[in-house]
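Please open the structure in your viewer and keep the selection tool at hand.

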Amino acid sequence: MMMMMIKTQPLWLILITYIGIFITLKRVISLLKWVFITFIRSSKNLKSYGSWAIITGATDGIGKAFAIQLAEKGLNLILVGRNSNKLQTVSNEIQLSSPGTKIKRVVFDFSGDISAGVAGVEEAVKGLDVGILINNVGITYPAARYFHEVEESVWMNIVRVNLEGTTKVTRAVLKGMVDRKRGAIVNIGSGAAIVVPSHPLYAIYAATKAYVDQLSRCLYVEYKHLGIDVQCQVPLYVATQMVSKAASIEKSSMFIPTADDYARAGVRRIGIGLDWTEKGLDWTGQDWIMLKKKKKKTMELEDFTIPIVTAIGFISVLKSSVKFLRWVWVMFLRSPKNLKEYGSWAVVTGATDGIGKALAFELASKGLNLVLVGRNPSKLQTTSMEIISSSSSVEVKTLVVDLAKCSGKQIVEIIDKEIKGLDVGILVNNAGLAYPYPRFFLDVDLELMEDIFKVNMESATWMVLSVLPGMLRKKKGAILNIGSASSTIVPSYPLFTLYAATKAYFISSLSLLPLYNWIPVFVATKMTKLKESSIFIASPETYSKASVRSIGYEQICTPYWAHSLQWFIANALPDTLLNWGILSYFVAVNKVAKLKESKKKAEQQKTVVDESN
């Protein structure tokens, strides 16, 4: 009967109706999947991963609750925390409730000497069948505050604990899991970075948790084939000491679970799915009664089914049409802002090559004076002379700064000295560092890891802190951060895990700042090793022209029209397909690069032998 009614309608109405049916089915399937995951699907046998579990931040809140739950599942524990007395107390409590549990304790202050702490973890796991790692340790601000008001020691500790510590402990434990070809890594993320579009007044905390999310996604794809499950569990508010201090939440409720309730649900999800939020804890009997009533009402109003799904289809088509028209307006018709209204000077990092150099030229063509920041003095001088010859009316200053080697204080001192008295209206954070070729997480040496952290995150943060006070005083300015499709457009970017994770750092957090994140896909630069440009592979010049037109508008955007089409296509494809394609491609590139590297080393060794003879 329903199909007969549909067939009698005009073609355009039939199409809209089918769109509505498709969208409704999609929503229903999502709901059924959620019900299955939350209430029906059985949890894994965690001992199949190994007989030991290691938990960081194990003396309070979620970490302690996870330890108790894992002990009840029969796992032995390695508890990691900074307070030896608390570790002993928790250990005693667990052994009272689970007397057969073996427990080792590692005193590790993540805000202190990370190398020494990681060495302690490596020693603790040596010879043990460690199957599960819970990366729970994390800190935030003592209270909500604007980005520029956060003390250096506070935000540096947040980066060190939430980001660097988590990464290095993962590296230390993952080695054994790879050897045994089994294991599960659970990184505790945050709704501040994943569920909400931004989390103002907790900028650095949200940024580090965005890093953790992307790290988890990439590691999941890199190591799934070796029997290792990696996931980012995403709590919203949980009644813990940290949440109590940060959000003044004292008691648990229907929507704010206790740490024990959260950990109980969290343990059930270990190894099941990549990225999820504990919305199951929000489910109540009242919700079930409401659903039953809705179902009954729907059956009684069966005749309204077609109009309802047609309305859903119409709304979807209308919404898509508005989005398309807005896209045409933004990409081709909207006029750019007058950039000199922000200020007469622009600071550009990584200004001697690729996108940075092209942006410098484009900003100069708009009449802005430039402060070029780079590590190579001769390249800076050459770029400066080229800009002056093409835009003779602008002034150009050059600053030699190696962002991978300078400390944060040195960066601020150098920048402050150079921009003192200048009307700086724009900062372009373009400097970035990636692997020389795709490689698995465990193959990244610590020196390269440290350099990527410093250039892509820490130095970028210091650059913002250098120019932001002046912008706040005059109440205008624009900070432009060059992001990456690796952390935004695709679900993961395996074999470039640290690069993708560091590029996620700024995306989710700084909504109250005059900060704009540009998301390039493929641009023909030295970093991408793409030599020729095309419609979908922009030249640095083409990308820069599009980028400058978008300054002052959307905070997160793909300013080049062809890149935004690629984003649309990527969103339409299943994550599984994208993950498989990216992984397969980078694994092939990795094999070729390793072969070239081994041949090069062999030739060098042969040369040394020949010279010695």
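This is a predicted model: local features need pLDDT of at least 70, side-chain atom pairs count only at pLDDT 80 or more; totals for chains, interfaces and linings use all residues.

Does Thr352 count as buried or exposed? Thr352 has a relative accessibility of 13%, and because buried means under 20%, Thr352 counts as buried. You will find Thr352 in the loop that runs between strand 8 (345-349) and helix 13 (354-365). Leaving aside residues up to four places away in sequence, Thr352 touches Lys357, Lys379, Leu380 and Thr383.

Next, select Ile78, Tyr223 and Leu498, which are the residues with the most contacts inside the largest nonpolar core, a set of 103 residues. Helix 16 (residues 446-474) gives the most to this core, contributing 14 residues. Colour domain 1 (42-269) and domain 2 (336-482 + 520-571) separately: both give residues to this core, so the core lies between them.

Now centre on Tyr223, which, not counting residues up to four places away in sequence, touches Leu174, Val178, Ile228, Phe440, Phe441 and Leu442.

Finally, show helix 6 (residues 152-180) together with helix 16; the two pack at an angle of about 155°, and their axes are 12 Å apart. That angle makes helix 6 roughly antiparallel to helix 16, and the crossing of the two helices is right-handed. To see where they meet, display side chains on both: among the residues involved are Trp155, Met156, Val159 and Leu163 in helix 6, and Met449, Phe453, Met457 and Trp462 in helix 16.

Conventions. Residues are numbered from 1 along each chain as its sequence is written. Side-chain values use heavy atoms; hydrogens and water are left out. A nonpolar core is a set of buried Ala, Val, Leu, Ile, Met, Phe, Trp, Tyr and Cys residues joined through side-chain atoms within 4.5 Å. Buried means under 20% relative accessible area, exposed over 50%, partly exposed in between (1.4 Å probe, protein chains only). Helices (H or I, at least four residues) and strands (E, at least two) are DSSP runs, numbered from the N terminus. Domain bounds come from an automatic or database domain assignment. Contact means heavy atoms within 4.5 Å. Axes are lines fitted to C-alpha atoms, for helices over the stretch in contact, and angles run from 0 to 180 degrees between N-to-C directions. Angles under 35 degrees count as roughly parallel, over 145 as roughly antiparallel, 65 to 115 as roughly perpendicular and the rest as oblique. A crossing is left-handed if the near helix is turned anticlockwise from the far one by less than a right angle, and right-handed if clockwise.
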